[in-house]
Amino acid sequence: MSNRTFLIAALLFLSLGAQAQEAKPRILTLEEAVDLALKNNHDLYISAATAEKAANASTLGNAGGLPNLVASAGANYSNQNSDLEFATGQSQTVDGAQSAAQNASLGLNQVLFAGGSVQTTWKILKKAATMASLAEQQQMLNTIAQAHSQYYGIALLTETLGNAERNVQLSQERFQRAELTHQLGGSNTTELLSAEVDLNRDQINLMNIRTQLYNAKLVFRNFIGLSEPFEVNQNTDMSFVSLPGTEALLAQALQESPAVQMAKTSQESAELQFRLTKATLFPTIGAQVSYGFNQSQAEAGFLASSQQTGLNAGVSLTYNLFGGGRNRVQRQNAALDLDIAERRKVQAEENMTTALMNAVEIYVDARAKHALEVKSAELAQKNFERTSELFALGKVSHLQLREAQLGWFNALNGKNSALFQAKNAEIAIWQLVGKLE
């Protein structure tokens, strides 16, 4: 091989190696996944934008508490044939009489009293901003909880895939031994066919798990806004944390949970809405002040030109004596809305109590199941190893070996499933409490 050919081959090898290195998926940590979800999740972005809109609207000026300052100006021009007859008996005829007028003014309007409606409306806008902020917090908790749950699910599904690959490898070794033994005349056809059927079944199961893992990763990438392939960190800490007592958790949930706080804020907003309807029982007093300039010129008529400049001010009082009973109906419905909001607050607290107690029970039960599944997996592994030794000595049948193999594989999957359920229950508790970080 010439030096040139060797150099080309070396460069090609390095290029292929670099491409393979680039194509290697990144190792995504749980913290990185949560950060990406908080940054890219569409629902959370919409919630944040909605909260910002509500905050922008919660101003005194938007409630009508600040004066309106209005500037206006105008100009008019006309060219008309005029035929005028005055009260004095004189007359005037002008063809193409031109006239022009200009005006400008600066006016200030302010509501002085409206039965407290301005202040109440401002408070309602603030409550709306609080509600939107709580909704954003709730969506943030949902996003973090989903990111944790999906990440743990992928991590455990990856481990399940490894168990399935090991299971296929064991079945492959068993099939190869049966095939070799059959060729040497030491086993019957039934055992060989049974080994092949079991191998095919395990390979199909492996393919199904790979598909599940692929779909789970695809959904998770869309959820966190990640475009590149990834692998989870298999060293992710999945240990359990110490939980406070149920009473302490419940007190914290009723105090800090966004769902409960939203119900309380909704009740407070309903109280303000009811107070707002009572403002219609009072008159509205407003003040107006303006400074204006008016000027006109005309070629027809007695007045050739005029100009006025000056200040105008006034106070107005408006009172709706009868409005068809609409205000009374609004007060009645506002009172009902307040009653509904109070019941919903009580309902939210009761639902929170039930949900939290149920989540704690599920968590305790899931942890107990996980502990049993861990022991079962250890016992199943020992049973398979012992059965394999006996099978090699010809003391157990291939059916017993297969039963021990499936028992170990199912125990490993049961351990992963129990761990996933326990972690989800733990996530649910912290989500209800409002302290998921």
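## Terms and basis

Contact here means heavy atoms within 4.5 Å, and helices (H or I, at least four residues) and strands (E, at least two) are DSSP runs numbered from the N terminus. The model is predicted, so that local features need pLDDT of at least 70 and side-chain atom pairs count only at pLDDT 80 or more, while totals for chains, interfaces and linings use all residues. Residues are numbered from 1 along each chain as its sequence is written, and side-chain values use heavy atoms, with hydrogens and water left out.

## Helix 2 against helix 4

From helix 2, Leu 30, Ala 33, Val 34, Ala 37 and Leu 38 meet Met 140, Thr 143, Ile 144, Ala 147, His 148, Tyr 151 and Tyr 152 of helix 4. By class, this contact of helix 2 with helix 4 has 10 nonpolar, two polar and no charged residues (Ala, Val, Leu, Ile, Met, Phe, Trp, Tyr, Cys and Pro count as nonpolar, Asp, Glu, Lys and Arg as charged, and the others, Gly among them, as polar).

The axes of helix 2 (residues 30–40) and helix 4 (residues 117–183) come within 9 Å and cross at roughly 140°, which makes helix 2 oblique to helix 4. Axes are lines fitted to C-alpha atoms, for helices over the stretch in contact, and angles run from 0 to 180 degrees between N-to-C directions; those under 35 degrees count as roughly parallel, over 145 as roughly antiparallel, 65 to 115 as roughly perpendicular and the rest as oblique.

## The second largest pocket

The lining of the second largest pocket is formed by Pro 25, Leu 213, Tyr 214, Lys 217, Leu 218, Arg 221, Pro 229, Phe 230 and Glu 231 (on a 1 Å grid over the protein atoms alone, a pocket is an open set of points where a 1.4 Å probe fits, with protein on both sides within 12 Å along at least five of seven lines, and lining residues have an atom within 4 Å of a point). Helix 5 (189–224) and strand 4 (230–232) are the elements that give two or more residues to this lining, and the largest share, five residues, comes from helix 5. The residues of the lining divide into six nonpolar, no polar and three charged.
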